[in-house]
Amino acid sequence: MFERKILIKQLKQHSNWDVIIIGGGASGLGIALDSATRGFKTLLLEQVDFAKGTSSRSTKLLHGGVRYLAQGNIDLVKEALYERGLLLKNAPHLASNQSFIIPNYGWFETIKYTIGLKIYDALAGKLSFGKSIRINKKETLSRLSTIKNGSLKGGVVYHDGQFDDARLAVNIAQTAIEHGATVLNHFKVNQLTKNNKGVVNGVVAEDTETKVSYTLKTKVVINATGVFTDEILKMDNAESKNIVRPSQGIHLVLDKSFLPGNDAIMIPKTNDGRVLFLVPWHNKVVVGTTDTLLDSHSLEPKALDTEVDFIINTANSYLTKTVSKADVLSIFAGLRPLAAPTDKSEKTKEISRSHKIIVSNSELITITGGKWTTYRRMAQDTINKAISIGKLESKPCKTKDVKIHGAIDSIDKTQHQYIYGSDKAAIQELIRETPELGDTLHPRLPYTKAEIIWAIRYEMARTVEDILARRVRTLFLDARATLEIIPMVAKILANELDKDTIWELQQINDCTKIANQYVL
Ligand SMILES: Cc1cc2nc3c(=O)[nH]c(=O)nc-3n(C[C@H](O)[C@H](O)[C@H](O)COP(=O)(O)OP(=O)(O)OC[C@H]3O[C@@H](n4cnc5c(N)ncnc54)[C@H](O)[C@@H]3O)c2cc1C
């Protein structure tokens with residue numbers, strides 16, 4: 001079902017799709033799932049890999065956004081808190097309830113955050129993750145054993161969601177396929193086609209593995225390409241103005257000893273007025289993020305020295321265990337596809353984070369903005385728009401109740417393979433059949449060879465980087481260890497895909513080049 005050969009065959013079988021989606025990040029994949037579950041003939045094309053763009057580089061939070069609450073954006077917060085609740089219900093293997101502590105240094109802020117977070121709880125309604133409470137200094141110090149004592153007065157505990165972004169993307173792709181969609185990675189859209197009235201009626205896309213080009217016809221084309229939005233809009237109209245401006249956010253990944261407990265830290269106002277999170281993730285700590293407006297975008301954005309210094313300095317002003325550059329296990333940068341500001345002086349924090357759906361004169365539908373947490377709602381709105389633009393049969397959205405591939409009722413999160421949910425048993429079966437597959441990839445990484453095989457056979461991974469960045473996530477957790485295992489993983493991949501040594505060496509080169517960027 002998830003085999004590339006089969007999916008490409010489907011591409012050749014259908015002469016007219018209902019919906020073609022360009023881009024396999026959170027937005028595009030959510031739309032593919034929504035469209036397929038409403039019964040539309042759906043095709044999604046992703047130029048590299050699912051979540052290769054921003055969608056693998058988030059802070060991994062499912063949140064209403066405490067910051068947006070402070071800005072008075074109640075509707076946005078309420079909508080996101082509802083979606084957060086749905087994700088915990090529909091993807092319990094990937095999403096979890098995470099407690100956050102805001103350390104307080106003055107009585108005024110203690111009262112402010114206590115009241116603010118009570119409102120946050122109330123907005124979640126029935127889907128609340130737990131009540132926020134004020135805790136005293138002693139309890140704050142015992143729960144956050146590495147927080148500086150100094151002038152600490154206490155803390156406010158609140159709850160939000162936490163998840164694995166790239167694995168959710170892969171599991172949504174699988175769910176969409178299970179509901180009848182054709183979803184392909186390593187397929188780049190290079191051109192839009194139009195009918196004689198100038199209405200977009202298809203795409204020309206290239207299989208980047210074989211270089212074979214396909215002309216594909218459809219009733220609706222949806223542009224869900226994040227920071228690449230303007231490139232697609234220019235395929236439609238070379239004169240179109242840029243509507244997206246990238247804003248970079250970076251994260252540093254540290255050893256768990258920097259934040260040993262179960263609680264995350266939320267610093268609501270750093271020296272320059274930003275929010276900083278320190279969040280436990282896969283037995284490490286993710287620290288971020290920044291907000292730096294850029295003039296250009298790329299698939300592998302680079303952290304600026306000033307961003308690294310900002311995160312390290314801020315973390316060090318709160319933690320007793322000093323962070324140095326040598327402690328950084330991985331560094332990754334992502335680009336927010338923000339609406340391009342009209343006034344150059346506009347600060348990124350103030351630009352709208354809610355999603356926007358734009359319909360071009362050619363009837364190309366573009367979705368921009370939003371966040372991972374609200375991907376399902378964004379998809380619902382986009383397909384509703386596609387129904388009216390493409391004159392598709394009006395059918396209601398079903399995704400509120402659609403379980404994501406891998407969803408399972410009881411999960412033991414003590415062992416790392418819980419993330420596979422219902423697939424865990426099949427991975428363990430692989431190890432039972434061939435015990436060597438139970439070998440771990442590296443002394444510092446718990447992942448097994450069986451998970452590599454699984455990613456190739458059942459999760460559509462096509463390159464070493466697909467596997468290490470977005471299936472087992474080692475590149476985001478320990479970039480140096482990842483560099484050491486690249487050749488071994490390339491060998492397994494070449495063997496599974498029946499490729500020669502030249503291909504294998506090219507894979508080693510390509511992945512090494514990318515992985516070096518994750519080392520600070
Ligand atoms: C630093 C940072 C932290 C964040 N943290 C959070 C968080 O904690 N929680 C949260 O809810 N949200 C968070 N977000 C927001 C969230 O990550 C994004 O809103 C979301 O991932 C955007 O998804 P997307 O699908 O729109 O874009 P992308 O993920 O960038 O996907 C677009 C895709 O389109 C593909 N593409 C481009 N051109 C073509 C083409 N010609 N043919 C085929 N494919 C193409 C790209 O390869 C890419 O994969 C964060 C964002 C950033 C930057």
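Me: Which residue has a backbone N or O atom 3.1 Å from an oxygen atom of the ligand?

Reply: This is a predicted model, in which local features need pLDDT of at least 70 and side-chain atom pairs count only at pLDDT 80 or more, while totals for chains, interfaces and linings use all residues. Residues are numbered from 1 along each chain as its sequence is written, and side-chain values use heavy atoms, with hydrogens and water left out. A polar contact is a pair of N or O atoms within 3.5 Å (within protein, one must be able to donate a hydrogen and the other to accept it, and residues adjacent in sequence count only if both atoms are side-chain atoms). The residue with its backbone atom 3.1 Å from a ligand oxygen is Trp372.

Me: How much of the ligand's area does the protein bury?

Reply: The ligand also has a nitrogen atom 2.6 Å from a polar backbone atom of Leu61, and one of its oxygen atoms lies 3.4 Å from a backbone N or O atom of Lys60. Accessible areas come from the Shrake-Rupley method with a 1.4 Å probe, and for residues only the protein chains shown count as cover. Taken alone, the ligand exposes 1000 Å², and the part of this that the protein buries is 96%.

Me: How many of the residues in the shell around the ligand are charged?

Reply: A residue is near a molecule or strand if one of its heavy atoms lies within 4 Å of it, and of the 37 residues around the ligand, those that come nearest are Ser27, Glu46, Ser55, Leu61 and Thr373. For the classes, Ala, Val, Leu, Ile, Met, Phe, Trp, Tyr, Cys and Pro count as nonpolar, Asp, Glu, Lys and Arg as charged, and the others, Gly among them, as polar. The shell holds twelve nonpolar residues and 19 polar ones, and the charged residues number six.

Me: How are α15 and α16 oriented to each other?

Reply: Helices (H or I, at least four residues) and strands (E, at least two) are DSSP runs, numbered from the N terminus. Axes are lines fitted to C-alpha atoms, for helices over the stretch in contact, and angles run from 0 to 180 degrees between N-to-C directions; angles under 35 degrees count as roughly parallel, over 145 as roughly antiparallel, 65 to 115 as roughly perpendicular and the rest as oblique. Helix α15 (residues 479–497) packs against helix α16 (residues 501–516) at about 155°, with the axes 9 Å apart. The orientation of α15 to α16 is therefore roughly antiparallel.

Me: Is the crossing of α2 and α7 left-handed or right-handed?

Reply: α2 and helix α7 (residues 165–178) pack at an angle of about 20°, with their axes 9 Å apart, so they are roughly parallel to each other. A crossing is left-handed if the near helix is turned anticlockwise from the far one by less than a right angle, and right-handed if clockwise. The crossing of α2 and α7 is left-handed.
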